[in-house]
Amino acid sequence: MIKIYSVLLISLFLGLVTTQILTEKCLSCLRQHKEGTEDCRMTWTDTFCGKYVMSKGFWEAGGYRGLSFEACASDDDCAADTMRIFFRRFGERCAKQLNKETYQLTCADYIRLHNGGADGCSRSDTLADSKSIEGCMSY
């Protein structure tokens, strides 16, 4: 019984941390950085849609929210919820890659997850995105 309560408390804490980091300001910076539109675009490897330039794989890992991938990606609330779920799911992994505790992750860390996937925080090609978000968050 104690294990169940411990898991529940940890899950609630991680959810609160992710919600606190993904403030409206953070979401606004993510939208500005991604410069997405309501439309979808296809590449050789994936389809990307919405203001957050969400990939179908990201949407799937974020829990298949909404009626469809395209509908969710074009709906700000659904897309933001999908991002919160994805970041909650992979936040601990990101924190380990950055030698941080989960509660220490910033909006700039979460953009690395968004752009680089589950292992984005360990990829050097996501550092420029992180710097861009830090600049936006400082205004």
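Mentor: A residue is buried under 20% relative accessible area, exposed over 50% and partly exposed in between (1.4 Å probe, protein chains only). This is a predicted model, where local features need pLDDT of at least 70. Residues are numbered from 1 along each chain as its sequence is written.

Trainee: Thanks! Which residues of α7 are on the face turned away from its buried side?

Mentor: Exposed A128 and K131 are on that face. The buried residues of α7 (residues 127-137) are D129, S130, I133 and C136.

Trainee: Why are α2 and α7 called oblique to each other?

Mentor: They pack at an angle of about 130°, with axes 9 Å apart. Angles under 35 degrees count as roughly parallel, over 145 as roughly antiparallel, 65 to 115 as roughly perpendicular and the rest as oblique. Therefore α2 and α7 are oblique.

Trainee: Why does V53 count as buried?

Mentor: V53 has 12% relative accessibility, so V53 counts as buried. V53 is in the loop between β2 (47-49) and β3 (54-55), and its phi is positive, near 50°.

Trainee: And what makes N99 exposed?

Mentor: The relative accessible area of N99 is 73%, so N99 is exposed. N99 also has a positive phi, about 55°, although it is not a glycine. Most residues other than glycine have a negative phi.

Conventions
This is a predicted model: local features need pLDDT of at least 70, side-chain atom pairs count only at pLDDT 80 or more; totals for chains, interfaces and linings use all residues. Side-chain values use heavy atoms; hydrogens and water are left out. Helices (H or I, at least four residues) and strands (E, at least two) are DSSP runs, numbered from the N terminus. Axes are lines fitted to C-alpha atoms, for helices over the stretch in contact, and angles run from 0 to 180 degrees between N-to-C directions.
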